[in-house]
Amino acid sequence: MTRRFSARARTLHLGTANYCWFIDPAEALCLRLAGTPDADRPLAGMCDSARCPQATHHPCHRPVWEEARQNAKVFIGSLSRRQKTERARVEASVTRAERVLAEIDHSTALATGKDEI
(Lines give C-alpha, C1' and ligand atoms only; values in the text may rest on other atoms or scores of the structure.)
Protein backbone atom coordinates (compact mmCIF):
# COMPACT_ATOMS: atom_id res chain seq x y z
CA MET A 1 0.00 0.00 0.00
CA THR A 2 2.84 2.42 0.80
CA ARG A 3 4.22 1.69 -2.64
CA ARG A 4 0.98 2.72 -4.31
CA PHE A 5 0.90 6.01 -2.40
CA SER A 6 4.52 6.82 -3.20
CA ALA A 7 3.90 6.15 -6.90
CA ARG A 8 0.86 8.43 -6.81
CA ALA A 9 2.78 11.09 -4.88
CA ARG A 10 5.45 11.19 -7.61
CA THR A 11 2.79 12.30 -10.09
CA LEU A 12 1.60 15.20 -7.93
CA HIS A 13 3.22 18.58 -8.53
CA LEU A 14 2.08 21.41 -6.28
CA GLY A 15 1.65 24.79 -7.89
CA THR A 16 0.60 28.21 -6.72
CA ALA A 17 -2.57 28.16 -8.81
CA ASN A 18 -3.25 24.43 -9.11
CA TYR A 19 -2.19 20.88 -8.38
CA CYS A 20 -0.82 19.04 -11.40
CA TRP A 21 -1.50 15.30 -11.49
CA PHE A 22 1.16 14.44 -14.05
CA ILE A 23 -0.13 10.93 -14.65
CA ASP A 24 -0.10 10.83 -18.46
CA PRO A 25 2.53 13.00 -20.19
CA ALA A 26 0.61 12.67 -23.46
CA GLU A 27 -2.30 14.55 -21.84
CA ALA A 28 -0.17 17.34 -20.37
CA LEU A 29 -1.04 20.60 -22.11
CA CYS A 30 2.30 22.15 -21.11
CA LEU A 31 4.24 19.43 -22.93
CA ARG A 32 2.06 19.71 -26.03
CA LEU A 33 2.48 23.50 -26.09
CA ALA A 34 6.26 23.19 -25.70
CA GLY A 35 6.54 20.36 -28.22
CA THR A 36 8.22 18.09 -25.67
CA PRO A 37 5.82 15.13 -25.32
CA ASP A 38 8.53 12.84 -23.91
CA ALA A 39 9.40 14.97 -20.86
CA ASP A 40 9.25 13.19 -17.52
CA ARG A 41 7.82 16.11 -15.52
CA PRO A 42 5.49 19.03 -16.21
CA LEU A 43 6.76 22.40 -17.37
CA ALA A 44 5.42 24.72 -14.70
CA GLY A 45 6.26 27.83 -16.72
CA MET A 46 4.07 26.60 -19.57
CA CYS A 47 1.15 25.60 -17.36
CA ASP A 48 -2.35 26.67 -18.38
CA SER A 49 -4.17 24.84 -15.63
CA ALA A 50 -7.55 26.21 -16.66
CA ARG A 51 -7.27 24.15 -19.85
CA CYS A 52 -5.18 21.14 -18.79
CA PRO A 53 -7.05 17.91 -18.00
CA GLN A 54 -4.47 16.93 -15.39
CA ALA A 55 -4.78 20.08 -13.29
CA THR A 56 -7.06 20.46 -10.31
CA HIS A 57 -8.01 23.60 -8.42
CA HIS A 58 -8.78 23.74 -4.71
CA PRO A 59 -9.88 26.37 -2.18
CA CYS A 60 -6.25 27.19 -1.37
CA HIS A 61 -5.82 28.30 -5.00
CA ARG A 62 -8.80 30.67 -4.96
CA PRO A 63 -6.88 33.80 -3.86
CA VAL A 64 -4.47 33.43 -6.79
CA TRP A 65 -7.31 33.16 -9.31
CA GLU A 66 -9.23 36.03 -7.72
CA GLU A 67 -6.16 38.26 -7.89
CA ALA A 68 -5.57 37.29 -11.53
CA ARG A 69 -9.18 38.16 -12.35
CA GLN A 70 -9.00 41.52 -10.59
CA ASN A 71 -5.66 42.43 -12.19
CA ALA A 72 -6.97 41.58 -15.64
CA LYS A 73 -10.07 43.71 -15.09
CA VAL A 74 -7.91 46.66 -14.06
CA PHE A 75 -5.74 46.14 -17.14
CA ILE A 76 -8.80 46.06 -19.41
CA GLY A 77 -9.81 49.42 -17.98
CA SER A 78 -6.50 50.90 -19.06
CA LEU A 79 -6.76 49.76 -22.69
CA SER A 80 -7.81 52.14 -25.42
CA ARG A 81 -10.64 51.34 -27.81
CA ARG A 82 -8.13 50.69 -30.58
CA GLN A 83 -6.50 47.82 -28.68
CA LYS A 84 -9.18 45.31 -29.65
CA THR A 85 -6.90 42.29 -29.96
CA GLU A 86 -5.33 42.89 -26.57
CA ARG A 87 -8.75 43.54 -25.02
CA ALA A 88 -10.07 40.24 -26.39
CA ARG A 89 -7.04 38.35 -25.04
CA VAL A 90 -7.37 39.84 -21.56
CA GLU A 91 -11.16 39.38 -21.52
CA ALA A 92 -10.57 35.69 -22.31
CA SER A 93 -8.26 35.45 -19.30
CA VAL A 94 -10.94 37.07 -17.11
CA THR A 95 -13.48 34.54 -18.37
CA ARG A 96 -11.04 31.68 -17.71
CA ALA A 97 -10.35 32.92 -14.16
CA GLU A 98 -14.08 33.32 -13.48
CA ARG A 99 -14.71 29.76 -14.67
CA VAL A 100 -12.00 28.39 -12.37
CA LEU A 101 -13.35 30.44 -9.45
CA ALA A 102 -16.87 29.11 -10.10
CA GLU A 103 -15.53 25.53 -10.19
CA ILE A 104 -13.67 26.04 -6.91
CA ASP A 105 -16.75 27.57 -5.28
CA HIS A 106 -18.97 24.77 -6.59
CA SER A 107 -16.69 21.99 -5.33
CA THR A 108 -16.30 23.76 -1.99
CA ALA A 109 -20.07 24.01 -1.63
CA LEU A 110 -20.44 20.32 -2.46
CA ALA A 111 -17.74 19.36 0.03
CA THR A 112 -19.31 21.39 2.82
CA GLY A 113 -22.79 20.12 2.03
CA LYS A 114 -24.28 23.49 1.16
CA ASP A 115 -27.26 23.26 -1.15
CA GLU A 116 -26.96 26.73 -2.60
CA ILE A 117 -23.87 27.76 -4.43
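Predicted model: local features only at pLDDT ≥ 70, side-chain atom pairs only at ≥ 80, totals over all residues.
1. Three strands form an open sheet, in the order S1-S2-S3, and their pairing is antiparallel. At the edges sit strand S1 (12-14) and strand S3 (55-56), each of which pairs on one side only.

2. Now zoom in on how S1 meets its partner. Strand S2 covers residues 19-21, and three bridges join S1 to S2, with the two running antiparallel.

3. Next, the largest nonpolar core. It has seven residues in all: Ala17, Ala50, Trp65, Ala97, Val100, Leu101 and Ile104. Helix H4 (residues 84-112) gives the most to this core, namely four residues. There is also a second, separate core of five residues, and among them are Cys20, Phe22, Ala28 and Cys30.

4. Val100 is a handy place to look at the largest core from, as it is one of the seven residues there. Leaving out residues up to four places away in sequence, Val100 touches Ala50, His57 and Trp65.

5. Finally, have a look at Arg69, which lies in helix H3 (residues 62-78). Is Arg69 buried or exposed? Its relative accessibility is 16%, and buried means under 20%, so Arg69 counts as buried. Again setting aside residues up to four places away in sequence, Arg69 touches Val94, Ala97, Glu98 and Leu101. Ala97 and Leu101 also belong to the largest nonpolar core.

Terms used
Residues numbered from 1 in each chain as written. Heavy atoms only, no water. Pairing = 2+ DSSP bridges. Core = buried A, V, L, I, M, F, W, Y, C linked by side-chain atoms within 4.5 Å. Buried < 20%, exposed > 50% of the residue type's maximum accessible area, 1.4 Å probe, protein only. Contact = heavy atoms within 4.5 Å.
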